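Colleague: I would like a close look at a single part of this model. Please take it slowly, as I am new to reading structures.

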Amino acid sequence: MSIVETVKQAAQGVAQSAMQKLVPLAPDSWIPGGVPDPLIARKHGLIGSPVSRLDGALKVQGEARFAAEYRFDDMVYAALAFATIARGRITAIDSTAAEAAPGVVLVMTHRNAPRMNKPGVFGSSPTAVGPADLPILQDDRIHWNGQPIACVLAETQEQADHAASLLRFTFAEEPSTTSLEQAKANGIEKGVFMGRPLADTIGDADAALATAAHRVDQRYFTPRHNHNPIEPHAATLAWQGDELIIHDASQMVTAQAQTIGEVFDLKPAQVRLTSPYVGGGFGSKGLWDHQIIGAAAARLAGRPVRITLSREGVYRTVGGRTLTEQRVAIGADADGRFQALIHTGLSVMTPHNNMPEPFILGTRAGYAAPNITLGVEVTRMNMLANTFMRAPGEAVGTFALECAIDELAVDMGIDPVELRLRNEPDKDPTSGLPFSSRHIVEAWRQGAEKFGWADRPTTAGTRRDGEWQIGVGCATGTYPYYRMPGAQARITLVRDGDAVRAQVDVAAAEMGMGTSTTTALVAAERLGLPLDRVAVDYGDSLIPGAIMAGGSQQTAAIGAAVIAAHNALVAELLKLAGNDSPLAGLSPDEVGSEEGGLTKLDDPARRESYASILARAQRDQVQVTQAGSPPLELMHWSMHSHSALFCEVRVNAVTGETRVSRFLGSFDCGRILNPKTARSQFRGGIIMGLGMALMEETQFDERYGRIMNPSLAEYHVPVHLDVPDIDVIWTDIADPHTPMGAHGIGEIGITGVAAAVANAIYNATGKRIRDLPITLDKLL
C-alpha cells in the first residue's frame with residue numbers, strides 16, 4: 001500500500017469515526033427516515049396487496065434471456081482446466097493434443113494470455129468486487145487446488161470440454177496449509193468484516209459468568225458450504241473495437257463492470273455489463289476468474305466467447321461459506337435474566353482475501369445483558385477464497401447462540417420462548433442506539449399461538465408415534481437492515497395522449513426475488529399511476545448509479561433513490577407548470593402525486609394532471625436522475641429484521657432418519673410490500689436453512705486442499721420430499737424510519753432455522769447435537 005493510500009484510508013477512518021459519534025446525537029428530523037415516508041400511511045393502494053411477478057410470464061415462456069442464452073455472430077465456447085495441487089508452480093504444459101482436437105480455436109494459458117492488472121479485491125475501494133488480490137493467468141503460480149490455469153476455445157461446448165480434458169500439466173508442489181490444525185499452529189489473528197473489527201466488549205463477561213446462578217458453556221461447529229444456484233455461473237462476452245460487452249449473471253452490475261474495466265485498463269464508458277436475469281445468487285453471483293478469463297480469451301481470439309461453468313467448475317472457482325468453531329457461554333440469574341453473554345470463536349479464510357464468517361453479528365443486538373464479550377478470530381489456509389453466502393455470519397451464528405439459549409432453558413426448566421422474551425433489550429445492547437422498530441415479541445406471541453407451542457412435550461424424548469420420536473423446537477432469527485450508498489434512480493414521464501406512462505431505471509439486479517415487480521409497485525404508488533403505466537429497467541451498467549443485490553438491502557436502496565428522484569420530478573414539473581397552473585406558487589414540499597398528476601397535499605382541489613402540465617409546456621416527456629440520500633439512519637438507529645421460528649421433527653429411533661414435519665416462521669420485517677413474493681422469499685430461506693441443518697457440507701480433503709464432493713450427487717441439498725408444509729406469518733408493522741416502512745427479507749428466512757431444527761431434535765430424542773449437519777450417524 002502506498003503512502004498516499006495509507007493517508008487516505010487513515011483520513012477516511014477518522015471521518016467515519018467522527019460521523020459515528022455525531023450522527024446519533026442529531027435530531028431525528030435531520031436523518032433520512034426522520035420524517036416517515038408518506039407511502040407508509042397508504043393502506044388501500046398497491047403496496048401490501050399480492051401482485052404476481054411482472055417477469056413471471058417471460059420466464060415460463062422462455063423469453064427471459066439469461067447470461068448463457070445470449071448469442072453473438074461467430075461465437076466460440078470456452079472450457080477451463082483446473083489446478084490439482086494446493087500451492088506451487090506449473091513447470092510444464094503439454095497442449096499439443098488439445099490444440100489438434102476438432103474445432104479448437106485457442107488454448108490460452110499464462111504463457112500467451114494478454115497482460116492484465118489484478119482485479120481490485122472486494123472492499124479495497126468503493127467499486128472493487130474482485131474475489132482475491134491475485135493475478136489471473138499472469139504467471140505460473142498456483143494458490144489453491146481448483147484454480148483455473150487454462151482456457152480452451154472451440155466451435156462447440158462439447159469440443160471445448162473434450163480438448164480441455166487433453167491438456168497435461170506438470171507441477172512443482174510447495175509447502176501449503178490445508179489442515180485446520182496446521183493453520184491454527186501457523187497463527188491466529190483478529191477478524192475484520194467490512195472494515196470493522198469483529199469484537200465487542202461490554203463489562204466483564206468472564207467474571208459475571210463465573211458467579212452466575214445458572215450457566216451454559218458449549219462449543220458448536222459448522223462446516224464449509226458451497227453455493228449451488230440452479231443456474232450455474234456464465235458470461236457471454238464480445239469486444240467491439242476497444243469496448244467490452246458482457247452479458248453476465250451478476251448481483252453487482254455497475255461495480256463489476258468497473259472492476260473488469262480496470263483489469264483491462266478500460267474507462268468505465270468502455271465496458272457495458274448487462275444482467276437482467278441472475279438466477280440464484282445468494283452472494284455467489286459476483287466477479288470470479290471465469291469472466292476475466294473469458295474476456296481475455298475473446299480479445300486474444302478476436303471472437304465473442306460464451307463461458308459457462310460446469311457444476312464442478314462452480315465448486316472449483318466460486319467461493320462459499322467457510323467453517324466455524326464457536327463458543328457460546330451464557331450466565332443467568334435465578335429468574336433467567338442474562339448476566340453474561342459470551343460468543344467467540346474461529347473462522348477460516350485465505351491469504352488473499354478478507355472474508356471471515358462474521359458469526360457474532362446477530363448476537364450484537366439479540367439479547368439484553370450487562371456483560372457481553374463477542375469476538376471472531378481467523379486463521380488462514382490455502383484454499384478457494386470464501387465469500388458471502390445467504391446471511392453471512394447470522395446463519396451460522398444463530399445456530400450456536402440459539403442452541404445455547406435452548407440448553408439454558410432446559411437446564412432452568414423455563415419455556416424456551418419465555419426465556420427469550422425475558423431477555424428482550426430496550427435498546428441495542430452493544431451500540432446503545434435506540435431500535436428503529438422492534439416487534440419480535442408480537443412475532444413470538446402470534447407464532448406460538450398459531451403453531452400450538454403450548455402443547456409441546458416439556459420433557460425430551462417422551463412423544464412417539466411407533467418408531468418415530470416427535471419433538472418441537474424454536475429459535476430467534478435476526479438480520480440487519482442495510483442501505484448501501486451509491487443508489488440512483490432515473491424517472492422518465494412520457495406523454496401518451498391524455499395520459500402518461502413512466503419509465504423507471506435503476507442499476508439493480510433481479511435474482512428471482514421480484515425486484516422489478518416491487519420497484520414497479522413502489523414507483524406506481526409514489527407517482528400516483530396505475531401499475532400497468534409503469535415500466536422498470538434494470539441490470540445494465542449504462543443505467544446511472546450502483547445498487548448491489550446483497551445484504552437484503554436492494555429494496556431499501558431502490559426505494560430511497562426513487563424517493564429522491566420523485567422529489568426532483570415534482571420540482572421539475574412545478575417549474576414546467578408555470579403561472580397558469582392551479583399549482584402556481586406552490587413549493588415541492590406542499591405537493592404530492594395522486595391519480596396521474598400533482599395535487600396540493602392539504603387542498604386536493606388544487607391539482608393538475610401530468611399530461612396537462614407537459615402539454616402546456618409543449619413537452620413530450622420529462623426526465624430526472626437523482627441519488628438517494630446517504631444512509632445515515634444506520635448510525636442513528638439500530639435497525640433489524642426479526643423472526644420467531646417453530647419446528648416439529650420426527651426422528652426414527654431405529655435408523656436415525658430425521659424428517660421435518662412442520663415449520664412456522666413468524667416474521668417482524670416492517671411493512672410487507674408484496675405478500676406474494678415475500679412469502680416465497682421467506683419459504684426459500686427456510687428451505688435453505690433446512691439444508692444447512694440436516695445435509696449440506698462441503699467435504700474438504702485436508703491432505704490436498706481439494707473439495708471432494710463437487711456435484712449435487714454428493715453435496716446434498718433439500719428436495720421436495722425433505723420439505724414439509726411451511727407456514728409463514730408476519731407482523732406487518734411499518735418501521736417509521738425506512739423507505740416504505742420496509743425491512744429486507746431475503747436473508748432473515750435462513751437465520752435461526754438450523755437452531756430450531758436442532759432444538760426440535762433434542763426435544764424429540766434427548767440428544768444434543770452441536771455439530772452441523774445433523775446426519776443420522778450422529779443420532780444413532
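In what order do the seven strands of the open sheet stand, and what kind of pairing do they have? Please go on from there to the helices.

Modeller: Keep in mind that this is a predicted model. The seven strands of the open sheet follow the order 3-5-1-15-12-13-14, and their pairing is mixed. In general, strands of a sheet pair through backbone hydrogen bonds, either parallel or antiparallel. The edges of this sheet are strand 3 (104-108) and strand 14 (271-274). Each of these two has a single partner strand, so one side of each has no neighbour in the sheet. From one strand to the next, the twist averages 20 degrees.

Now look at one pair inside that order. Strand 12 (residues 234-240) and strand 13 (residues 243-248) run antiparallel and are joined by six bridges.

Helix 7 (residues 253-263) lies across strand 13 and strand 14, and its direction makes an angle of about 145 degrees with strand 14.

Helix 8 is mostly covered, with ten of its 13 residues buried. Among the buried ones are D289, H290 and Q291, as well as I292, I293 and G294. Just after helix 8 comes G302, which takes a positive phi of about 70 degrees.

Just after helix 15, G578 has a positive phi of about 70 degrees.

Last, consider how two helices pack. Helix 11 (residues 394-412) and helix 19 (residues 753-765) meet at an angle of about 30 degrees, and their axes are 8 Å apart. Their crossing is right-handed. Helix 11 brings T398, F399, E402, C403, D406 and V410 to the contact, while helix 19 brings A754, A755, A758, N759 and Y762. Sorted by type, the residues of this contact are seven nonpolar, two polar and two charged.

Technical notes
Residues numbered from 1 in each chain as written. Predicted model: local features only at pLDDT ≥ 70, side-chain atom pairs only at ≥ 80, totals over all residues. Heavy atoms only, no water. Axes fitted to C-alpha atoms, helices over the stretch in contact; angles between N-to-C directions. Helix = DSSP H or I, 4+ residues; strand = E, 2+ residues; numbered from the N terminus. Left-handed = near helix turned anticlockwise from the far one by under 90°. Contact = heavy atoms within 4.5 Å. Nonpolar A, V, L, I, M, F, W, Y, C, P; charged D, E, K, R; others polar. Pairing = 2+ DSSP bridges. Buried < 20%, exposed > 50% of the residue type's maximum accessible area, 1.4 Å probe, protein only.
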